[in-house]
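Keep the 3D view open while you read.

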Amino acid sequence: MLRTCLPGILLVATLAVVGAVEGNTPPADPLAAVIDTAISARLQDAGVQPAETLDDERFLRRLMLDLAGRVPTLAEREAFLGDASPDKRAAWVDRLLELPDFALHLRNELDLLLLARLTSDNEWREYLLEGTRANRGWDDLFREIMLPERLREGEKGPAAFLRERVRDLDDLTNDTAVLFFGVNIGCAKCHDHPLVPDWEQQHYYGMASFFQRTYRTKKGLLAERFDGRLKFKTVVGDELEAEFMFLNGTAAYEPPVELSDERRKELDEQVRKAQREDDAEPPRPEFSPRAELVRMALDPSGPDYFSRNMVNRTWARLVGQGFVEPLDQMHSENPPSHPELLETLASDFASSGYDLKRLIRGIVLSETYARDSRLSGRREAPAADLFAVALPRPLTPRQLSASLQVATAMPERMQGLIAGEAWESERDSLENRADSFAKQIEIPGENFQVSVDEALLFTNSERVASDYLRDAGDRLVRHLKSLDGDETVATVAMQAVLSRTPTAEEQARISEYLATRSVRRLEAIQQIVWALIASPEFRFNH
């Protein structure tokens, strides 16, 4: 019912937003309109005045980090600020979504979500990149990741998610529930969840049953056994046999299979051979528990954990906090901050073919996304789940590493999208150069603080000096050294690294620093660039 009403909801929301922001350019995207209508209504109910809309400099930096995975080049910055068209933000969003940067960055984000650093797997990353370049539906990727041996036979790429967890059934069960469905049912392994009535032991073991028959072959692929049921004990000591049960309590039916003892022994031996011999082909059972999991997860008549989870995670990634927090606690005792908006976006996501690009476009074109992270005046910060003010987000390791490459490069050699088709190969090269430094950066978690290792890396590492601060023809430092006037050096340094024009006070302080070190000017310029790349302002998307 919700899906059939969606066009009407979008139209009403669009008209409402047009009226709400009379005098300004309204969101050009119907999803953006839906978002702003819902967020504005909640703000009005709470009597909260939201933060101002970001100016163009800060908006571009945020947008580039979120869509391209890096800060803007000086050429991109100048082009954007010099664009006088009233719809330039939407035009730049559309352009960025088609650039190689977007596919690479979305690939990196999916890799970080699903595999983090369990392993460094080029085949897996190439598989994800193929998907993001083609803008394949999230449901397609989910199917192939869950069923690599059936849908991508012989390929190791999509198998990595299961392969890296298959030795531990709990990891496989918990990570699948958390990352694809936004549900943490780990507590229900030993007993029914003490605080959340949604999750009982039968749900945990039901989910585990979908993976209990999975094994890894000697060739590193995945396969499933023909039989085997998971058993568990309740807190009162009863021993039960688990069903193939999805999170909503619906169980899958397994057709009975009649096998003679001789045939069963033969199949068991084929499984053992596939586990110990490279050229042995594993037998394939007709009934696949993981195929049942995929079918039930994508069943449009059931609760839509799959869409709501990805919408919630994408919203949190781009705005700083999910509608549901924590992101893995999607249950009846932890309602969303904006339940109708979450349902509408999830429904649109599903009906659009699980189109991540469409979802991301809608979010970044909303007024909500474009809010400043600073509040005017001295007033108490509103509750984060009102989305009245932007939340600063630490850069991921790859965002930080790629941004360092861009910010400290000779501007003439780092044109970005202004370079046209030549940028595609340059962006791939930048991605490769950024890879090794990114591995030295800790993945940000909740309550992020810069780690001691990262602080030492920036303060004591010869690599930071040689890669980002050297006086060479391809580096920003050489460009700054060639400029006339300390004020010009201060302005270009700030624009290149922090993507904004310095305040009068900042410009005066940097100029004074340079003037008092005129006999060792190169060293002073290097110190200024170092201070900027090591600053909290560079470390965060804000």
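## The annotated domain

UniProt has an unreviewed entry that lists "domain: DUF1549" for residues 35-214. What you see here is a predicted model, and in it the chain over residues 35-214 is 61% helix and 1% strand.

## Two helices side by side

Two packed helices are described by the angle between their axes and the distance between the axes.

Which residues in helix 7 and helix 8 meet? From helix 7 come Trp124, Tyr127 and Gly131, and from helix 8 come Leu141, Glu144 and Ile145. Sort the residues of this contact by type and you get four nonpolar, one polar and one charged.

## Salt bridges

Side chains of opposite charge can pair when their charged atoms come close. How many salt bridges does a search of the whole structure find? The search turns up 58.

One to look up is Lys357 with Glu98, where the closest N and O atoms are 3.3 Å apart. Lys357 sits in helix 17 (residues 356-364), while Glu98 is in the loop between helix 5 (88-97) and helix 6 (100-114), so this pair ties together parts that are 259 residues apart in sequence.

Key:
Residues numbered from 1 in each chain as written. Predicted model: local features only at pLDDT ≥ 70, side-chain atom pairs only at ≥ 80, totals over all residues. Heavy atoms only, no water. Contact = heavy atoms within 4.5 Å. Helix = DSSP H or I, 4+ residues; strand = E, 2+ residues; numbered from the N terminus. Nonpolar A, V, L, I, M, F, W, Y, C, P; charged D, E, K, R; others polar. UniProt positions renumbered as here; feature names shortened; annotations may be inferred. Salt bridge = Lys/Arg side-chain N within 4 Å of Asp/Glu carboxyl O.
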